[in-house]
Amino acid sequence: MRYVDCIDNDTIAKKAAENPGAIGRKIPRIDWVWTPGKTLRSCIPADTMFDYGVATHVMEHVPDTVGWLNQILEVMRDGAVLALALPDRRYTMDYYRKETTLGDVVGNWMHAPSRPTSAQIVDFLSQSFYDTREGGRRFDLNQPFATAPRHYTDEQALEFAANSHRDGNYLDVHCTVWTPASFVDVMSRVVGMGLMNVEISTPVERTPDSEWDEFIVHLTKRGEPRIVRDRTPNPRPLSIAARRLRNVTSRLLRTG
């Protein structure tokens with residue numbers, strides 16, 4: 001088993017020592033650091049490929065979902081499986097937030113933000129709220145938003161986003177919001193567009209007699225994506241899409 005993180009072992013140990021929730025937990029040693037600004041492929045040995053991968057409560061923190069997934073899939077063989085565990089909006093602090101859309105995911109793939117965007121920061125900070133129960137389900141999901149014990153006010157959310165935008169600080173927030181159904185819907189359409197080439201499993205989700213606040217879904221790699229993000233000033237796939245859009249618009253105007 002190999003572990004990858006965006007920080008090194010010393011930094012992880014320091015963060016764990018400062019986190020009361022990490023007391024008594026075994027912290028795994030990191031084999032490779034996925035250095036921010038570099039591809040995962042460039043951060044691990046060139047001949048290393050994987051048949052199985054696990055990311056538990058990681059993807060929701062990533063500002064560019066598709067770009068991040070494709071970098072992981074790049075170091076996996078065809079037929080390899082990537083298991084994702086994601087918080088289910090319906091049972092977590094993201095309860096009041098809107099689910100991530102296809103437009104959100106594709107837009108972030110095009111812009112490839114290296115840190116959470118101002119919109120993602122404001123949405124997370126202004127909509128999340130405190131745990132309200134001891135044990136069992138952690139949140140009272142029946143109360144109206146106006147009475148929920150919020151972590152931050154709207155003004156504080158704006159201030160944090162403005163500071164991050166001005167100073168380049170990385171604020172760790174939930175950049176995306178999912179339910180099992182919304183994940184399958186959005187990511188299936190991403191696959192249909194050609195931005196990824198995976199098979200998506202039926203999610204394993206909460207049952208009536210469980211207290212899960214997450215769901216698990218498996219992505220099986222079927223090959224390379226049909227459309228690869230091009231960072232040149234005039235990326236070919238996007239220019240083709242723009243021409244098609246202009247053609248459709250022209251037909252609508254002629255027939256409208």
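Me: Which residues are exposed on the other side of H4?

Reply: Gly103 and His111 are exposed there, where exposed means over 50% relative accessible area, buried under 20% and partly exposed in between (1.4 Å probe, protein chains only). Bear in mind that this is a predicted model, where local features need pLDDT of at least 70 and side-chain atom pairs count only at pLDDT 80 or more, while totals for chains, interfaces and linings use all residues. Residues are numbered from 1 along each chain as its sequence is written, and side-chain values use heavy atoms, leaving out hydrogens and water.

Me: Which residues of helix H4 are buried, and what makes them one face?

Reply: In H4 (residues 102–111), the buried ones are Leu102, Val105, Val106, Asn108 and Trp109. Looking down the axis of H4, they fall within an arc of 160°, so they line one face of the helix; the arc is that of the directions from the helix axis to the C-beta atoms. As for "helix", helices (H or I, at least four residues) and strands (E, at least two) are DSSP runs, numbered from the N terminus.

Me: Why is Glu18 called exposed?

Reply: Glu18 has 54% relative accessibility, so it passes the over 50% mark and counts as exposed. Lys14, at 53%, counts as exposed too.

Me: What makes the contact between Glu18 and Lys14 a salt bridge?

Reply: The term asks for a side-chain nitrogen of Lys or Arg within 4 Å of a carboxyl oxygen of Asp or Glu. Glu18 and Lys14 meet at 2.8 Å, N to O, so the pair qualifies. Both lie in helix H1 (residues 9–18), four residues apart, about one turn of the helix.

Me: How do you know that Asp88 is buried?

Reply: Its relative accessible area is 0%, so Asp88 falls under the 20% limit. Arg90, at 28%, is partly exposed. These two form a salt bridge, with the closest N and O atoms 2.7 Å apart. Salt bridges that share partners join Asp88, Arg90 and Glu205 into one network.

Me: Why are strands E4 and E6 called paired?

Reply: Pairing takes at least two bridges found by DSSP between two strands. Seven bridges join E4 (residues 76–87) to E6 (residues 214–221), so they pair, and they run antiparallel. One example is Leu82, whose bridge partner in E6 is Leu219.
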